[in-house]
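Hello,

Here is the structure I promised to pass on. Please open it and keep it beside you as you read.

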Amino acid sequence: MSNNTQRYRVCEVQDLIPESGVAVWTPAGPVAIFYLPAQTPSLYAISHHDPFSGANVLARGITGDLKGHLVVASPIYKQHFDLRSGVCLEDDSVRVPTFAVHLNGEDVIVEVPAEVVAAETA
């Protein structure tokens, strides 16, 4: 864990759906967590907010591999977002926030930047 992040337990591993995403709430807003058990690491977290449609939908997108990038396709306009970097493959000037995510036993932990937490509690 970085000194500049705060950790949040957001769900348990049994709440996750293999090869798919779930949406959770954090101080940074809605976050889409993807569980890809055949990958290393197996967990990825990006913003749930699709910047093209303005809707919170990315956890409902289809995951896959596109030209060597692990991606989720937005269910609205189908742009692909890299699960590691958050960059949109069709328009690299657009990027969604990414978050560190890992397991602590059965608990799924998301790390949120401390400045986001401080802004939410001010």
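Below is what turned up, starting with the cores and ending with the salt bridges.

One caution: this is a predicted model.

**Cores.** The largest nonpolar core has 16 residues. Val-10, Leu-16, Ile-33, Leu-43, Val-101, Val-108 and Val-110 have the most contacts inside it. Five elements are listed as giving two or more residues to this core: β1 (5–12), β2 (20–26), β3 (29–35), β4 (43–47) and β10 (107–113). Take Val-101 as a way in. Leaving aside neighbours within four places in sequence, Val-101 is in contact with Ile-33, Leu-43, Tyr-44, Ala-45, Val-108, Ile-109 and Val-110.

**A loop residue.** Now find Tyr-77, in the loop between β6 (69–73) and β7 (80–82). Tyr-77 counts as exposed because its relative accessibility is 54%, and the cut-off for exposed is over 50%. Not counting residues up to four places away in sequence, Tyr-77 touches Phe-52 and Ser-53.

**Salt bridges.** The whole structure has two. Arg-9 pairs with Glu-12, with the closest N and O atoms 3.1 Å apart. Arg-9 also meets Asp-107, at 2.9 Å from N to O. Arg-9 lies in strand β1 and Asp-107 in strand β10, so this pair ties together parts 98 residues apart in sequence. Arg-9 is partly exposed, at 46% relative accessibility. Glu-12, at 25%, is partly exposed, and so is Asp-107, at 23%.

Best wishes

Definitions and conventions
Residues are numbered from 1 along each chain as its sequence is written. This is a predicted model: local features need pLDDT of at least 70, side-chain atom pairs count only at pLDDT 80 or more; totals for chains, interfaces and linings use all residues. Side-chain values use heavy atoms; hydrogens and water are left out. A nonpolar core is a set of buried Ala, Val, Leu, Ile, Met, Phe, Trp, Tyr and Cys residues joined through side-chain atoms within 4.5 Å. Buried means under 20% relative accessible area, exposed over 50%, partly exposed in between (1.4 Å probe, protein chains only). Helices (H or I, at least four residues) and strands (E, at least two) are DSSP runs, numbered from the N terminus. Contact means heavy atoms within 4.5 Å. A salt bridge is a side-chain nitrogen of Lys or Arg within 4 Å of a carboxyl oxygen of Asp or Glu.
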